[in-house]
Amino acid sequence: MIETRQLTKRYGNLIAANEITLNLKEGDVFGFIGPNGSGKTTTMRMIATLLPPDYGECYVNGKSIYTNPAEIRRMVGYMPDLFGVYDDMTVLEYLEFFAATYRINGPQRRKVCEEKLELVDMAFKRDAMVSQLSRGQTQRIGLARTLLHDPQVLLLDEPASGLDPRARIEIRELLKRLGEMKKTVIVSSHILPELSDVCTRVGMIEKGIMLVDADVTEVMKMSRESLIVHVHVKERPEAAAALIQQHGDVENVSMQGPRIDVTLRKSVEDYSFLPKALIDAGFALTGFHEEEINLETAFMRLTKGKQQ
Ligand SMILES: Nc1ncnc2c1ncn2[C@@H]1O[C@H](COP(=O)(O)OP(=O)(O)OP(=O)(O)O)[C@@H](O)[C@H]1O
C-alpha cells in the first residue's frame, strides 16, 4: 500500500530524510518513532505529496508521487502535528466546511460528517463551538477531518502529543480501530511506549536514518540480549536466589526487594527448570514471569552506538 525506495530530502547540508525505504501493507499500523528533528514529518510529507523529495521513489497503492499526486491525495489523509481550527464555527460546521472542499455534497455531506464524529466519539459535541473544545477533543476533530474522504492511508503526525493519559488511551483505541478497518496507518511519536500495543510494525529513525524497521514482536526480540525472569517465593528469597544461581543456564541473579531477578545465559529460551528446581527444594512459588521489554528500552538498546 505504501512503498518508498531510498526516499531522500536535503536542506542544504542537512539530510532530513536519508534513503528511507518502507513497505507497508493494508491494515499495517506503523509506529514511526524518533526524537525531535529526526525526519518523521519530512518523510510523511513526502508520502503525502506535500514535499518533493530530492531522490528516491514513493508509491501509494501502486501510484507514484511524481506522476499521480492528485490520485494519491484522494487516497491519503494527512494530519499534521499542528493544525489550526476556525474559531467561530461549530464542530459540525467545521467538518462540513472541509467535506465541501472534498466535494462531498448534498445530504451525503451531513451524513458523512456525523459518521466521522461518531467514529471519533465526538457526536456529543456536534453543536459546540470549535474554540471551546479541549486539546484532546480538538485532536479528535482533526482526526475526523482527516477521515472525511474515507482515505485508505492515514499519515498521523504526533496525534497524541500534549494529551492527558485518558485522551492518549482514547487515541490508541482509535488507531486500533483504523487498523481493524484495514486502513494503512503511519503514526509518529517520540513517546515510545504508547505505540507498542497498537502498532503492527515499528520504524525507529534518528538523524534522517531508519535504524530499525520490523514487526513489534521482532523489535522486542532483537533488543533483548538475554531473557530475564522475575521470581517470587513465599519465604526465604535469599536461599531461593542462592539455589537458582547454581544452575548452569543462569548468568546472574539479583534481588529487587522481595523479587528475584534471574538473567539467563544468552540464547537460553527454556526456563522451565526454574520453577521445578524451586518446588523440588520445597520453596512455595508465588510469582513467576518473564520481564517485559517496552519500546522505550528496545529503542535505546537497538539504536545505541548506531548514531553519534
Ligand atoms: N523547511 C526546512 N528547512 C530547513 N530545515 C528543515 C526544514 N524542515 C525541516 N527541517 C529540518 O529537518 C530535520 C527533520 O525535521 P522533521 O520535521 O522531519 O523532524 P521530526 O522527526 O518530525 O521532528 P519532531 O518530532 O520535532 O516533529 C530537522 O533537523 C529540521 O530542522
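Entry 1, the whole protein. I noted that 34% of the 308 residues in the protein are buried (20 or more other C-beta atoms within 10 Å of a residue's own; exposed is 12 or fewer, partly exposed is in between, and C-beta atoms are placed from the backbone). The model is predicted, and local features need pLDDT of at least 70, side-chain atom pairs count only at pLDDT 80 or more, and totals for chains, interfaces and linings use all residues. Residues are numbered from 1 along each chain as its sequence is written. I found 10 helices and 14 strands (DSSP runs numbered from the N terminus, helices being H or I of at least four residues and strands E of at least two). Along the principal axes, the C-alpha atoms fill a box of roughly 75 × 45 × 30 Å. Of the contacts between residues at least 6 apart in sequence, 68% join residues at least 24 apart (a contact is two C-beta atoms, placed from the backbone, within 7 Å).

Which residues of helix 4 are buried? They are Val112, Cys113, Lys116 and Leu117. The buried residues fall within an arc of 135° seen down the axis of helix 4, so they line one face of the helix (the arc is that of the directions from the helix axis to the C-beta atoms). Residues three or four places apart point the same way because an α-helix has 3.6 residues a turn. Pro107, Gln108, Lys111 and Glu118 are exposed on the other side of helix 4. I traced the packing of the buried residues to helix 3 (91-101) and helix 5 (135-147). After helix 4 comes Asp121, with a positive phi near 55°.

Strand 6 pairs with strand 7 (residues 153-156) in the parallel sense over 4 bridges (pairing takes at least two DSSP bridges). Opposite Gly77 I found Leu154 in strand 7.

I listed 13 residues around the ligand, of which Tyr11, Ala16, Asn36, Thr41 and Thr42 come nearest (near means a C-beta atom, placed from the backbone, within 6 Å). Strand 2 (14-24) and helix 1 (40-47) are the elements that give two or more residues to this shell. Helix 1 gives the largest share, 3 residues.
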